There are 2 protein chains.
Amino acid sequence: MSNRLPVQALTREAFEPFGEVIDSAGQVAETINAGHTQKWGDLATIDTQAGGGRTALHRYRSEPVRLPFTVEVMERHPLGSQGFIPLHGRPFLVVVAPAGSEPGPEAIRAFLTDGRQGVNYHRGTWHHYQLTLDQPGDYLVIDRTGPGLNLDEHRLAQPLIIERAE
Amino acid sequence: MSNRLPVQALTREAFEPFGEVIDSAGQVAETINAGHTQKWGDLATIDTQAGGGRTALHRYRSEPVRLPFTVEVMERHPLGSQGFIPLHGRPFLVVVAPAGSEPGPEAIRAFLTDGRQGVNYHRGTWHHYQLTLDQPGDYLVIDRTGPGLNLDEHRLAQPLIIERAE
C-alpha cells in the first residue's frame with residue numbers, strides 16, 4: 001500500500017470511533033441568565049476520573065508544521081480523554097487511530113477541522129500531537145491529571161506522509 | 001453606605017478569596033511535543049467530583065449589559081467550581097462575594113478583566129451572571145454536572161450599582 005495518508009474533512013460521524021467534535025454549530029442552545037445568555041451545553045464527554053484522576057486545564061501554543069509532513073509516532077492517554085479547543089480560528093490537522101492495540105498504517109486517519117471545531121479524544125484513542133498549519137496557534141486543552149502513567153507512544157513501522165491539507 | 005459598587009482591575013491576589021484567574025501570562029511554559037508546543041499547565045482547579053459529579057464543557061454567548069448596571073441577584077454553585085474563559089478577547093465584569101452565608105453589600109466586589117484573563121469561581125463563591133460589555137461575547141465554561149441541586153440564588157436587600165467599568 002501507498003504510504004500516503006489522505007486528509008478528509010472532520011465530521012461528527014467520521015470522527016465517532018475516535019472521539020467527539022467540539023462544536024456548537026448545529027446544536028440547540030438554551031437561554032439562561034434572564035435572557036442574557038445562550039448556552040450550548042455539554043459539548044464533550046470529559047472522562048478524567050479513572051484511577052483517582054481529576055480534570056486539568058492547559059493552554060498550548062503549537063508551532064506550525066510544514067507539508068508534506070511525515071507521521072512517525074502516535075501517542076495515547078490510557079487513563080482519560082483529551083480535548084483541544086482552538087483559539088486561533090484556523091483549520092488544523094487531526095491524526096488518529098482507534099483505541100486498542102498499536103495501530104497499523106491502515107487504521108490511521110487524518111482529518112482537517114473547519115476552523116471552529118475542536119476535538120475530544122476518547123480515553124485511549126491513538127493520536128498525533130497537535131498539527132497546526134501556517135502559523136503558531138493556541139489551544140485550550142482539557143485532560144486528566146492524577147496518579148498513574150497516562151502516556152503511551154508507538155513508533156510506526158512504516159511512516160505515513162500527509163502531502164496536502166485538503 | 002453608598003449603593004455604588006466600585007470596579008477594580010482583576011489580579012490573582014485580589015481574586016484569591018473568590019477563585020482563580022485563568023491566564024497563562026506570567027506563568028512558566030513547558031516545552032513538549034518534540035519542541036513543537038509550549039504548554040502552560042494546570043491553569044485552574046477544576047473541582048467537579050463532589051456528590052458524584054463530573055466535568056462539563058459548555059459554550060456561552062452573552063449579550064452585553066449597559067452601564068450603569070444594577071446588581072440585584074447573586075448565585076452560587078454549592079457543588080462545584082465554574083470557570084469562564086473568554087473567546088472574545090475583551091474585558092468583562094466579574095461580580096463576586098465569598099462562599100458562605102448570603103452576602104451583604106459590603107462583601108460584594110466587582111472586577112474588570114484585562115481581555116486575556118478568565119476566571120474560575122471556587123465551589124460556593126457567590127457571583128453575578130456573566131456581565132459582558134459593549135457587544136455580544138462568547139465564553140468557554142467548565143463546570144460540574146451530576147446529581148444534586150447545584151444552584152442557589154440570593155436577591156440583595158439593597159441593590160448595588162456599577163456606574164462605570166473603570
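Because the model is predicted, local features need pLDDT of at least 70 and side-chain atom pairs count only at pLDDT 80 or more, while totals for chains, interfaces and linings use all residues. Residues are numbered from 1 along each chain as its sequence is written, chains are lettered from A and ligands numbered from 1 in the order in which they are written, and side-chain values use heavy atoms, without hydrogens and water.

Start with the two copies. Two copies of a chain are related by a rotation about an axis and a shift along it. Here a rotation of 180° with 0.0 Å of shift along its axis superposes chain B on chain A, with an RMSD of 0.0 Å. The copies are thus related as by a two-fold rotation axis. The superposition is by least squares on the C-alpha atoms of residues with pLDDT of at least 70 in both copies.

Now the interface. In contact (heavy atoms within 4.5 Å) are 35 residues of chain B and 35 residues of chain A. Of the interface residues of chain B, 100% are also interface residues in chain A, so the copies meet through the same surface. The two chains bury about 3400 Å² between them, 56% of it on carbon and sulfur atoms. Buried area is the accessible area (1.4 Å probe) that two parts lose on being put together, summed over both. On the chain B side, H36(B), L57(B) and R59(B) lose the most area to chain A, together 20% of what that side buries.

Seven strands form an open sheet with antiparallel pairing, in the order β3(A)-β4(A)-β5(B)-β14(B)-β8(B)-β11(B)-β2(B). Strands (E, at least two residues) and helices (H or I, at least four) are DSSP runs, numbered from the N terminus. Two strands pair if DSSP finds at least two bridges between them. The edge strands are β3 (30–32) of chain A and β2 (19–22) of chain B, each pairing on one side only. From one strand to the next, the twist averages 25°. For such angles, axes are lines fitted to C-alpha atoms, for helices over the stretch in contact, and angles run from 0 to 180 degrees between N-to-C directions. At the chain A end, β3(A) and β4(A) pair in the antiparallel sense over three bridges. I32(A) has T37(A) as its bridge partner in β4(A).

Move along to β8(B). Five of its five residues are buried, so β8(B) is largely enclosed by the rest of the structure. Buried means under 20% relative accessible area, exposed over 50%, and partly exposed in between (1.4 Å probe, protein chains only). In a regular strand the side chains alternate between the two faces of the sheet. Both faces of β8(B) are covered: Q82(B), F84(B) and P86(B) are buried on one side, G83(B) and I85(B) on the other. Three bridges join β8(B) to β11(B), where G83(B) stands opposite N120(B). Four bridges join β8(B) to β14(B), and there I85(B) has L140(B) as its bridge partner.

In chain A, turn to β14(A). Eight of its nine residues are buried, so β14(A) is largely enclosed by the rest of the structure. Nine bridges join β5(A) to β14(A), antiparallel. T55(A) stands opposite R144(A) there.

Next, the aromatic rings. Rings of Phe, Tyr and Trp (its six-membered ring) pair if their centres lie within 6.5 Å; planes under 30 degrees apart count as stacked, over 60 as edge-to-face and the rest as tilted. The count comes to 16 aromatic pairs over all chains. The rings of F15(A) and Y121(A) have centres 6.4 Å apart and planes at 50°, so the pair is tilted. F15(A) lies in helix α1 and Y121(A) in strand β11 of chain A, so the pair ties together parts that are 106 residues apart in sequence. F15(A) and Y121(A) are both buried. F92(A) and Y139(A) have ring centres 5.1 Å apart and planes at 85°, so this pair is edge-to-face.

Last, the backbone. Most residues other than glycine have a negative phi, and most peptide bonds are trans. The peptide bond from L67(A) to P68(A) is cis, with omega near -5°. P68(A) sits in the loop between β6 and β7 of chain A. D42(B) has a positive phi of about 55° although it is not a glycine, and is partly exposed. D134(B) has a positive phi of about 75° and is exposed, with a relative accessible area of 71%.
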